[in-house]
Amino acid sequence: MKISHKFIVSTPILFLATAHAGGLYLYETSTTDIGLASAGMAARAQDSSVIAANPAGLANVEGQSFSGNFINLYGDATLDTIGGGNAGNTIQYVPLGSAFYSQKLNDKWTIGAGLYGNYGLGLQYEHLFSRLEIPSATTQALTFQPSASYRINEQLSVGASLGIHYGIFDLEAHSTNSNAINIDQHDTDVQVNGKLGLLYEVNQDTRIGLAYTNETEFEFDTTNALAPQQFIVSAFHNINDKLAIMGNLNWQDWSDYQTIMGAETQDTYQIALGTQYKINPRITWNAGFAYDSSMYSDQSHGDITLPAGKAYRVGSGIDYKLDNSNTISIALEATLIDSSEFQGPQGKSVAQFNDPALYFLSLGYSWGNH
């Protein structure tokens, strides 16, 4: 199979002109949510980490609450290219983290704030089509999110958050042939968006959470990057004093997202189911499964900058209570993603992500003063 010289030269130019690298949301913002594969994240409302999904959930968090999480992400996303070559593992290891704090002011008001990153992935390519080195192609954002909830009555609470996002764009590309390409771009941008939430407590054992987040568009010197709007509905139910079940239905507006190579995108949907089982007064076992639809309309017309597709999340973890105030957590999650191809100018496949996957190992600590 041959690829035109024109395409090789134009690849970094496309990066320069229209790059939206790494357009991706991660649900993995706390250790317990990772163990549950995100199930129930807008309704579980058991500590301050609910801020990331639904600020109204703070109304269910008593006293003072802190949650801190160290999240290790390893991506297995090798890009196979024409002629049997590959551009290496484009993601590899990425350290992530989050911290949340909340405080109940009175019977009506609870305030809090979160610091986390759940948008973007840094990619790198070795010998792309044997002629291009891209040691960094990154669009990421770090979010600081002050939040507040207000309890209207015993059953209904509302909440709002202000998302202050620090966006980072980093692109390096160097040719390895006579067509000298030398791109080295670094830029940052700060954007603000909002999140609105509702928590309805049917009774002391059953909660329903809804949250809406509007879109954010980062404006860098040479490109823009869109973090689309999203809507989540979660439910949580205690079956008895040992077993709880929970779930999500999510929507994200990826049809407005434009990839570098012009792949046709569509809205995505998620369904997640999870369970918590109290083995004894100290140990709670979390387990969950989630399915996300693909942002690509056609997996054979994907993009070399996004290893995206139908995704299957499987998570499990343990919360261990040291005492009435302190809890440590550990969780594992695997996200298995459908293969996707990128086609060249002649309609032939020139690159493929073959069964990419993301693996998470998270350690968490939470403290509550009730």
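Me: Leaving aside neighbours within four places in sequence, which residues is glycine 302 in contact with?
Reply: A caution on the source: this is a predicted model. Glycine 302 sits in the loop between strand E16 (283-292) and E17. Beyond the neighbours within four places in sequence, its contacts are Ala263, Tyr296, Glu341 and Phe342.

Me: Is glycine 302 buried or exposed?
Reply: Buried means under 20% relative accessible area. Glycine 302 has 4% relative accessibility, so the residue counts as buried.

Me: What distance separates the C-alpha atoms of glycine 302 and asparagine 203?
Reply: Along the chain, glycine 302 and asparagine 203 are 99 residues apart.

Me: How many Å apart in space are methionine 41 and serine 329, C-alpha to C-alpha?
Reply: In sequence, methionine 41 and serine 329 are 288 residues apart. From C-alpha to C-alpha, the distance in space is 16 Å.

Me: Which residues is threonine 32 in contact with, leaving aside its neighbours within four places in sequence?
Reply: Threonine 32 belongs to helix H2 (residues 31-35). With a relative accessible area of 9%, threonine 32 is buried. Leaving aside neighbours within four places in sequence, its contacts are Arg44, Gln276, Asn286, Asp319 and Ser329.

Me: How many salt bridges does a search of the whole structure find?
Reply: Side chains of opposite charge can pair when their charged atoms come close. For a salt bridge, the cut-off is a side-chain nitrogen of Lys or Arg within 4 Å of a carboxyl oxygen of Asp or Glu. Searching the whole structure gives a count of five.

Me: Which parts of the chain does the salt bridge between glutamate 28 and arginine 313 tie together?
Reply: The two side chains meet at 2.8 Å, N to O. Glutamate 28 is in the loop between helix H1 (5-18) and H2, and arginine 313 is in strand E17, so the pair ties together parts that are 285 residues apart in sequence. Both glutamate 28 and arginine 313 are buried. The parts tied together are thus the H1-H2 loop and strand E17.

Me: Which strands hold aspartate 292 and arginine 313, and what is the N to O distance of their salt bridge?
Reply: Aspartate 292 lies in strand E16 and arginine 313 in strand E17, 21 residues apart. Aspartate 292 is buried at 8% relative accessibility. Arginine 313 is buried too, with a relative accessible area of 5%. Their side chains meet, N to O, at 2.9 Å.

Me: What is the distance between the closest N and O atoms of glutamate 201 and arginine 151?
Reply: Glutamate 201 is in strand E9 (residues 182-203) and arginine 151 in strand E7 (residues 132-151), so this pair ties together parts 50 residues apart in sequence. Glutamate 201 is buried, at 11% relative accessibility. Arginine 151 is buried as well, at 15%. Their closest N and O atoms are apart by 2.9 Å.

Me: Which elements give two or more residues to the nonpolar patch?
Reply: The patch on the surface has about 1100 Å² of accessible area together, and Val314 is one of its residues. The elements giving two or more residues are strand E1 (64-76), strand E17 (311-321), strand E18 (326-337) and strand E21 (357-369).

Me: Which residues form the positive surface patch?
Reply: Lysine 278, in strand E15 (residues 268-278), is one of them. At 43% relative accessibility, lysine 278 counts as partly exposed. The patch is formed by Lys242, Lys278, Arg282 and Lys321.

Technical notes: Residues are numbered from 1 along each chain as its sequence is written. This is a predicted model: local features need pLDDT of at least 70, side-chain atom pairs count only at pLDDT 80 or more; totals for chains, interfaces and linings use all residues. Side-chain values use heavy atoms; hydrogens and water are left out. Helices (H or I, at least four residues) and strands (E, at least two) are DSSP runs, numbered from the N terminus. Buried means under 20% relative accessible area, exposed over 50%, partly exposed in between (1.4 Å probe, protein chains only). Contact means heavy atoms within 4.5 Å. Patches are made of residues with over 30% relative accessible area and no salt bridge: like charges are joined within 9 Å, nonpolar side chains (Val, Leu, Ile, Met, Phe, Trp, Tyr) within 5 Å. Accessible areas come from the Shrake-Rupley method with a 1.4 Å probe; for residues, only the protein chains shown count as cover. Lys and Arg count as positive and Asp and Glu as negative; His and the chain ends are not counted. The place of a charge is taken as NZ of Lys, CZ of Arg, CG of Asp or CD of Glu.
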